[in-house]
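The structure is shown first, and the description follows.

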Amino acid sequence: MAPIVFWIFVILMLGFGLSVIVSRNPVTSALSLVVSFIALAALYVSLGAFFIGVIQILVYAGAVMVLFLFIIMLLDLRVEIRKRMNLPAVSGGTIVIILFIKILFDVCYSFNGGHAEFPAVSVATHGDVWTIGTMIFRYYNLPLQIVGTLILVASIGVVILSKRELK
Amino acid sequence: MSFPPALLELLVLCLGLALLLVESFTEKQDRTLLAYIGMVGLGVIFLILQLLPPGPTGMASYVFDPVAIFFKKFVVLTTIIVLIMSVDYATTIQRFVPGISSQAGLGEFFAIPILTCAGMMWMASAIDFILIFVSLELVTISFYVLVAFMRRNASSLEAGVKYLILSAFSTGFFAYGAAWIFGVTGNTNLVRIQQVLPALGAENYSAILFGALLVLVGLGFKIAAAPFQFWVPDVYQGAPTPITAFLSVGSKAVGFIVLLRVVQAFQSLPPVGDKVVAALIILAAATLIYGNLAALPQTNLKRLLAYSSIGHAGYLLMAVAGISARDSGQAVVIYLAAYLLMTLLSFLILIIVSNYADGDEIVNFNGLSQRSPLLAFGLLVAMMSLAGVPFTAGFLGKFLVFKVAYESQQFVLLALGIITVGCGFYYYLKVVRAMYWQSAASNGATIPVSGLSFATIVLLVLFTFLLGIFPQMATGLLR
Amino acid sequence: MDSVAWIILFTPLVSALVITLFTQPYRKLSSYLSVAAVGISFLFSLIVFFSPDGSAGFTWIDLGIFQVRIGYLIDGLTRLMLLVVSGVGLLIHIYSIGYMQDDAGRSRYFGALSLFMFSMLGIVLADNFIMMFMSWELVGVSSYLLIGHWFFRSSAADAANKAFLVNRIGDFGFMLGILLVWSATGTVAFTELTHKWSSLALGSTFMTVAPLLVFCGAVGKSAQFPLHVWLPDAMEGPTPVSALIHAATMVAAGVFMLARTFFLFEHSPLALGIILWIGLITSLLAAFMATQQSDIKRVLAYSTLSQLGLMVAAVGLAAPGAGIFHLFTHASFKALLFLGAGSVIHSLHHEQNIWHMGGLQRRMPITFWTFLVGTLALIACPPFSGFWSKDGILAASQGNFPAFCAIALVTFLTAFYMARLFVVAFLGHSRTEHAEHAHESPRVMTVPLILLAIPATIAGLPPIASLFWRVSGHEGSPATAIIVSLVAFVAGVLAGFALYRSRDKDPLNIPLFEYRFYIDQLYDQLVKWTQDLLAGICGFVDRWIIDGGVVRGLSGMTWGTGFALRFLQIGNLQAYAFLFGLGVVVLLYFILFGVP
Amino acid sequence: MVTLNDYLLASGLLFSLGFAGVLLRRNIIVIYMALELMLNASALALVGFSRFHVRDGLPDYNAQIFVFFIITVAAAEVAVGLAIIVALFRARQTTRVEDLTSLRF
């Protein structure tokens, strides 16, 4: 993949990610989030992870964003009133973030093998969906069942927490 | 034995599902019946666990070793007692959950802890980051629901939101750390990681350490280690009390088993393992200081227990930091067993008394010794044990932890531990003083205790003493 | 043989458990249970008395480096102590049935008494330091419970606290001593220690400091100067308790412990010297104080202190045998005196001031005569038991002139203040209405008095004493000792009679003695100062570190208090997240780049 | 040439953005979005590492399966989280963190 395409998507992802955390309007944030994640999905595809890229778009653009937007509309959230900047909070947070990024860069650059080109891979004979599917049902059956339980608990929880009058 | 151990969690899961089904298809049944079914079912699971020998499971990511068995028994027992508490707490739940019928939502309140229990049991066996992650999340998400369960109670909701945000925050760190560990070692399985680590080049040490520390942060949140413990007092205070007990015992215990397994895996590479231990020492010291000092000015018993739970996390971390000593794991296990007894005992009595006195401030316990000698004695034993008075389980736990710290030459931690025990005496005795020295408030009638709670209190008190007087019993916990 | 020792030890424990757990509401039953338990212990102690030496035990707690053994060691010392503890204990239990007749907390009382018997027998039987120390602490607990039995009286509650705290000071030293001994020899068992200690090649400082730390335990428990202050206050407890615990047995545990572990001390002349003088100072101070007290139990309490000082001094003179012999005779006559005092107090409706008594010889004849026996024994009148044992100590001090004088002076003072007590309380005319209407106590109380009067009279006679205890060197008691002791005794009695005969109030007024050399006041001041200081420090910590640091710290500090206050307004969750993040970054930074 | 390092930096920056969002924003819903950014950053790192660790000529699919689970869990978490936030809004009419201070000290 051409580096230029990679950098475009990275910039898209990070730019809209930044927009998520700086925009005053929650709707803008939610939409930026989706664009950021679509760019992220493109990066997945660029790494050959087609299945992950697809479910990324399906889950985030299809479900999560709708959920966020729906809730924002439901609660009728408006643009945040411009408040005076809280200097200590912002500066403190910024310093923490800058320190974290510094540590992260140090770690990334020290990581051996990070600077070389990716090793060559062949295309999976049955495509990666087949491979992942087989592995999930063959080796990762237990986590799959746990995730099933998790979703059950989550759906019960959502009902409990939001139904107006429980039975 | 032909009984596959992995079936146990599925049985617990089925139990939870069965309760949910019964809940939805019956109309007039008394909902507390569900709790009793749950207790009996979990009791059967406990018996099976008692009989199953440790052995291979045929799965790479799932082990059934003595430690796993201990923790499974531990969480099953905790869940049973939490259900007992929930029955006592049902009136409060009904008050704060909107519903058509008077018992709306109760069925779910009894069923979700059983599903959580299944998640904790999976965590006890998990040695693969994927399995750890999903079971950890199952536990976490059920706690989101349970903490915020009383949705007409603003405190419960506030606690729910605080837990939600901070927990998701810690999950982010955990997942990122696990990603890095995978990136460096090419494995998500702890056993495999332990095997490949010694061959790791020195230039990758900071990368693997970065991953390990972030995983530590994620687990540090679960076990309430400073500085990742800020949620604890608020959430413990706001959550329904049985859930607080569940959080402080079950959630913390499974956090510790994962922590133990991860730290153990990293010991195969001393340069990294030592730094992980150094991080644990820092966390332990911070946790000890914070938990014990901040507890001093507390006037609310529930909040006091929250700080005390942070303090105990500090002692447990001391034991984990002493991983180089032979008995480190054993000390953690015995300390947790003692912690289960005394913490659940305090919460159970707290629920009964605060139901009656309508408040969980320490002043609500004034003169309890006259109103209800049994409850006062039970709480006295719990406080003594939490403080670490000899001949109680808590003393044994602290003794072993200090021994481990001594053997692994963590003298600074040892000194800190001994000093903070002194602080502990002060704030635990505050409760005792209220019960025995202060005279009762206007409401001087005796407090009614249900038969089941009565039996539970007696058993917990009994075991607190038995464990303290016959420590050999405790060493048998890990067959 | 094996099971006998265990029966002696555990029967009272069983009784204590049964009483506290089951028979709380049945007060009569509880008292009988307790008496039966100590009766069984006494019977089996008799069996042990006629059995050969022995020892056995088992490991109770085994945690690798740290082992706790429960075992017993039976030798001459143990036999005698078993007999004293269970014998006096039995009589006092019986007496308590009468004395505590009207008390609502009788079950609690007898439960604690049984617990006390268990722990005291544990000290006596112990074959190692750890078991002894645990029993030692349990004795402290039961003494605390019994002193504070009438906890609704604030003076009783205060006295219980005082006793407990003062004893903790001594026990702390004791514990350090045990740890030192253990670290040096690797064992805590007495028999092993006896061999190892003498062959230990350590500096003389260590060989002095370690035994002296162990001695601290005795200073606390046997109420030696400067930790003697708790014992007189402990008289707030019921009188049988004062007799059993604070006169006959528990306070003697310190002396017993010194005798048991004498092998630690015998190699250090300096340690022995310090022990000797602490004993003598205690003895003298207490004797002076006793001359000015007007509470009958307090006079007896100070005389106990004084006698305990003599016993400790005997150990310091390297004659622990003489000390134990005095312990033995003292147990019987002091218990007798206390029970006699209790009998008086009981029939005078809890009147304890001797100036409100008088003329009791006709109204309470049994009490009168037995009390006389006890007094004669205490003031070392031949041939009563006290004469022989005190003479033994005096004889042991022959080579040490200052000590000899001090003991002679104590003998004189003892005779003086006991004559005073006796004359004022029993002779002359009745000074109050209560005293006029006094009547003899019930039989359940007088029978123990009579039974105790027997050993108080005869136990010291050499042929009888040799049955119980072999005092080395006593046979050749030099004439000077006997003469001095007799002169001091006669002078004391005469002075007492001359001064106090038919007086209605004290002709002497020595505030220094009456106020116990102001030692308690000094301690109170000290405690107050320390408390003020601690409170100041705590207040400072609370205000500046807890409030200012931790609580505000939760909401985010690091930017100074001014910023922190504004940070607080933002809301906690964000502050938590910030601190969480800060923690992550600091941890990462420190571990990745900080730790070498 | 795009190397693993570039992907790791991208993922690290995304993670830091999420981190910053949690620290700096006051609207709970936006904070929640920032948390999603953090989770997705770890997913990106995992996919990068999956491509980096080649097994039998194929990317290491174990990591992709991890990502699959992370995405599933994240979705469930969003559902529950938003339900709690809605319940909170109904009770308190707010989604701002600074209004949630009744439990403190």
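## Loops and backbone exceptions

B:P227 lies in the loop between α8 (205-223) and α9 (231-238) of chain B, where helices (H or I, at least four residues) and strands (E, at least two) are DSSP runs, numbered from the N terminus. The peptide bond that leads from B:A226 to B:P227 is cis, with omega near 0 degrees. The model is a predicted one, in which local features need pLDDT of at least 70 and side-chain atom pairs count only at pLDDT 80 or more, while totals for chains, interfaces and linings use all residues. Residues are numbered from 1 along each chain as its sequence is written, and chains are lettered from A and ligands numbered from 1 in the order in which they are written.

B:Q409 is found between α16 (393-407) and α17 (411-436) of chain B, and C:A223 between α8 (204-221) and α9 (230-233) of chain C. Burial is counted from C-beta atoms placed from the backbone: a residue is buried if 20 or more other C-beta atoms lie within 10 Å of its own, exposed if 12 or fewer, and partly exposed in between. By this count B:Q409 is exposed, with 12 other C-beta atoms within 10 Å, whereas C:A223 is buried, with 30.

## Nonpolar cores

A nonpolar core is here a set of buried Ala, Val, Leu, Ile, Met, Phe, Trp, Tyr and Cys residues joined through C-beta atoms within 7 Å. The largest such core has 330 residues, and the members that touch the most others are B:Y335 and D:I84. Helix α3 (residues 61-92) of chain D gives this core its largest share, 22 residues. A second, separate core holds 195 residues, among them C:I97, C:Y99, C:V241 and C:L339.

Two residues are in contact if their C-beta atoms, placed from the backbone, lie within 7 Å. Leaving aside neighbours within four places in sequence, B:Y335 is in contact with B:Y315, B:L316, B:A319, B:G397, B:L400 and B:V401.

## Helices of chain B

Helix α12 (residues 301-321) of chain B has 21 residues and reaches 30 Å from its first C-alpha to its last, close to the 30 Å expected at 1.5 Å a residue; the expected span is 1.5 Å times one less than the number of residues. Because 21 of the 21 residues of α12(B) are buried, this helix is largely enclosed by the rest of the structure.

B:I37 is found in helix α2 (residues 32-51) of chain B and counts as partly exposed, with 18 C-beta neighbours inside 10 Å. B:I37 and B:S324 are 287 residues apart in sequence and 44 Å apart in space, C-alpha to C-alpha.

## Chain A against chain D

Between these two chains, 68 residues of chain A are in contact with 59 residues of chain D. On the side of chain A that touches chain D, the elements giving two or more residues are α1 (3-22), α2 (26-46), α3 (50-75), α4 (87-110), α5 (127-138) and α6 (141-162) of chain A, and the largest share, 13 residues, comes from α3(A). The residues of this side divide into 54 nonpolar, twelve polar and two charged, where Ala, Val, Leu, Ile, Met, Phe, Trp, Tyr, Cys and Pro count as nonpolar, Asp, Glu, Lys and Arg as charged, and the others, Gly among them, as polar.

The buried residues of α6(A) include A:L142, A:I146, A:L150 and A:L161. Its buried residues pack against α1 (7-25), α4 (106-125) and α5 (129-147) of chain B together with α3 of chain D.

## Chain C

The secondary structure of chain C comes to 27 helices and two strands, and 55% of its 596 residues count as buried. Helix α3 (residues 76-99) of chain C is largely enclosed by the rest of the structure, because 21 of its 24 residues are buried.
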